[in-house]
Amino acid sequence: LPELPEIETIASGLARCLPGLSVRSAILRRDDILRRGSLKAKVLEGWLVSSVERVGKNIAIRFGSGYALVVNLGMTGRLIYKPFSAKDPRFPRSHMHAVLHLSDDSELRYYDARRFGFMYITQGGDIATELGVGKDPFEITSKELAEILASRNATVKSILLNQSVIAGLGNIYVDETLFGARIHPLTGSSEAGKYASLILSSARRILKRAIKARGTTIRDYRSIDGSSGTFQRSLKVYGRQGKECERCGSNIVKINVAGRGTHFCPNCQPLLRG
Ligand SMILES: [Zn+2]
């Protein structure tokens, strides 16, 4: 699933292309992509894009009207931006559920094979609150993270995955963050709270490197020009079960935590008990 670095790559890419363009037409090929209660897509027509930003793992395209189009890519969603409406065979119309035609003849297309993604048009304002997402690792302080972890009764992994608590991290970057901080994923959150600054600095370091690499492509993620990210080459534990830990040579292990496949080095990440 796309996580913070992938969404940041998409949002910053769109932020370089879309502002200053207006929407010539907005076409939904499937109505169920639009969240219940949203304004209809037609309302976008004539509106000028003012900015594009990432909110947690979501993309917000803001308009001069004050409204915003919020897009969540779910598992397999892609936003592809084509400067010219060329008939590129890499981008067939199957699984294309929405398209914005823009004032310079470019197109922003939304593809989603499995359709777990959604979009909606909102009056703008505080989109993070609307979506119920917490601060992301670049916004939260280690004191705030320490308080959150200390007050919860769950594994550190499940807390870091919870978007309402801390936004932007998913299965890949939580596993990488905990490896970087040398913390076992089954560590209780209150015990892990003592290491909040270590966890946060590990998360920030990994996310920054992953943004530079334009994200991680395991299967579906593509940036707005359709290209893959390259951070999958730099993963230390995710998807590396049975392979040697680059730090100590032990075998990376995969277990199930909070219903998610979880990868770690049992030697570098010993289980801490409070
Ligand atoms: Zn190790």
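Reply: Axes here are lines fitted to C-alpha atoms, for helices over the stretch in contact, and angles run from 0 to 180 degrees between N-to-C directions. Helices are DSSP runs of H or I with at least four residues, numbered from the N terminus. The model is predicted, so local features need pLDDT of at least 70 and side-chain atom pairs count only at pLDDT 80 or more, while totals for chains, interfaces and linings use all residues. Residues are numbered from 1 along each chain as its sequence is written, and side-chain values use heavy atoms, with hydrogens and water left out.

The pair is helix α5 (residues 171-181) and helix α7 (residues 196-212), whose axes come within 8 Å and cross at roughly 125°. α5 and α7 are therefore oblique to each other; angles under 35 degrees count as roughly parallel, over 145 as roughly antiparallel, 65 to 115 as roughly perpendicular and the rest as oblique. The crossing of α5 and α7 is right-handed, meaning that the near helix is turned clockwise from the far one by less than a right angle.

Contact means heavy atoms within 4.5 Å. On the α5 side, the contact with α7 involves Tyr 173, Glu 176, Thr 177, Gly 180 and Ala 181. They meet Leu 198, Ile 199, Ser 202, Ala 203, Arg 205, Ile 206, Leu 207 and Ala 210 in α7. The residues of this contact divide into eight nonpolar, three polar and two charged, where Ala, Val, Leu, Ile, Met, Phe, Trp, Tyr, Cys and Pro count as nonpolar, Asp, Glu, Lys and Arg as charged, and the others, Gly among them, as polar.

Key. Helix = DSSP H or I, 4+ residues; strand = E, 2+ residues; numbered from the N terminus.
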